[in-house]
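Trainee: Could you go through this model with me, one part at a time?
Mentor: Gladly, ask whatever comes to mind.

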Amino acid sequence: MVNLDQLYQQVILDHSKQRHGNVPFDDREALGRSHQVNPMCGDEITAEVVAGDDGKFEVRWEGDGCSISMASASVACEIYDDEGREAFDRAEAEFHELMHSRGTVEADEDVLFDAAAFAGVSKFPARIKCALLAWIAVKDALSQAESK
């Protein structure tokens, strides 16, 4: 029988291997771009917002780092792409609260979607920045794009 922790670990592993939004940057002009680095471990994420073919914002990223940071970037982009900006903003705020809870807050899957899988990360202070890095980059890139 698979327990919830194993299921969550599998979600993180799946996202770290099959990375949503992790596509090579092309010639399109970036409307917003944010490069974030975790100096403690060397993880790096660059999030970029471009105009999609349908005129909507498209979020993509490139990065290098641990499975937690890469999976977190994938989840953040998936929520934005699948659910839209309002859902991303709600998830981003809840994700920050979850990561700073030290395991005392229960993840709300209705708001966090696959990001709920990172609940256990909040118990490991050294890994919290890994999980938050992409969310900071995506939010910053989206804010830049919206201000243009």
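Trainee: Which residue takes a positive phi in the hairpin of β2 and β3?
Mentor: Before anything else, please keep in mind that this is a predicted model. In the hairpin of β2 and β3, where 5 residues lie between the strands, Gly-55 has a positive phi near 85°.

Trainee: And what about the hairpin of β1 and β2, which residue takes a positive phi there?
Mentor: There it is Gly-42, with phi near 90°, in a hairpin that has 6 residues between the strands. Met-40 is also found in the loop between β1, residues 32-37, and β2.

Trainee: Is Met-40 buried or exposed?
Mentor: Met-40 is exposed, because its relative accessible area is 76%, and the cut-off for calling a residue exposed is over 50%. Although Met-40 and Cys-130 are 90 residues apart in sequence, their C-alpha atoms are 9.3 Å apart in space.

Trainee: OK, back to the strands, in what order do they sit in the sheet?
Mentor: The sheet is an open one of 3 strands in the order β1-β2-β3, and the pairing is antiparallel. β1 and β3 are the edge strands, each pairing on one side only, and neighbouring strands are turned by 15° against each other on average, direction ignored.

Trainee: How many bridges does β2 make with β3, and how many with β1?
Mentor: β2 and β3 pair over 8 bridges in the antiparallel sense, while β1 and β2 pair, also antiparallel, over 6 bridges.

Trainee: Why is β2 described as largely enclosed?
Mentor: It is described that way because 6 of the 8 residues of β2 are buried, so the strand is largely enclosed by the rest of the structure.

Trainee: Which helices lie on the sheet, then?
Mentor: α2 lies across β2 and β3, and it runs at about 175° to β3. α5 packs on the sheet as well, touching β1, β2 and β3, with a direction that makes about 160° with that of β1.

Trainee: Switching to the helices themselves, how do α2 and α3 pack?
Mentor: Two packed helices are described by the angle between their axes and by the distance between those axes. For α2 and α3 the angle is about 145° and the axes are 7 Å apart, and α2 passes α3 in a right-handed crossing.

Trainee: What residues make that contact?
Mentor: On the α2 side they are Ser-72, Ala-76, Ile-79, Tyr-80 and Glu-83, and on the α3 side they are Arg-85, Ala-87, Phe-88, Ala-91 and Phe-95. Sorted by class, the contact has 7 nonpolar, 1 polar and 2 charged residues.

Trainee: Which residues have the most contacts inside the largest nonpolar core?
Mentor: They are Phe-95, Met-99, Phe-118 and Trp-135, in a core of 44 residues. At least two residues of this core come from each of α1 (4-17), β2 (44-51), β3 (57-64), α2 (67-83), α3 (85-99) and α5 (125-146), and α5 gives the most, with 12 residues.

Trainee: What does Met-99 touch?
Mentor: Leaving out residues up to four places away in sequence, Met-99 touches Phe-118, Val-121, Ser-122, Ile-128, Ala-131 and Leu-132.

Trainee: Last topic, where is Arg-102, and what is its phi?
Mentor: Arg-102 lies in the loop between α3 and α4, the latter covering 109-112, and its phi is near 55°, a positive value in a residue other than glycine. Arg-102 is also exposed, with a relative accessible area of 53%.

Trainee: And where is Phe-113 found?
Mentor: Phe-113 is found in the loop between α4 and α5, and its phi is near 55°, again a positive value in a residue other than glycine. Phe-113 is partly exposed, because its relative accessible area is 31%, which falls in between the limits of under 20% for buried and over 50% for exposed.

Key. Residues are numbered from 1 along each chain as its sequence is written. This is a predicted model: local features need pLDDT of at least 70, side-chain atom pairs count only at pLDDT 80 or more; totals for chains, interfaces and linings use all residues. Side-chain values use heavy atoms; hydrogens and water are left out. A nonpolar core is a set of buried Ala, Val, Leu, Ile, Met, Phe, Trp, Tyr and Cys residues joined through side-chain atoms within 4.5 Å. Buried means under 20% relative accessible area, exposed over 50%, partly exposed in between (1.4 Å probe, protein chains only). Helices (H or I, at least four residues) and strands (E, at least two) are DSSP runs, numbered from the N terminus. Contact means heavy atoms within 4.5 Å. Two strands pair if DSSP finds at least two bridges between them. Axes are lines fitted to C-alpha atoms, for helices over the stretch in contact, and angles run from 0 to 180 degrees between N-to-C directions. A crossing is left-handed if the near helix is turned anticlockwise from the far one by less than a right angle, and right-handed if clockwise. Ala, Val, Leu, Ile, Met, Phe, Trp, Tyr, Cys and Pro count as nonpolar, Asp, Glu, Lys and Arg as charged, and the others, Gly among them, as polar.
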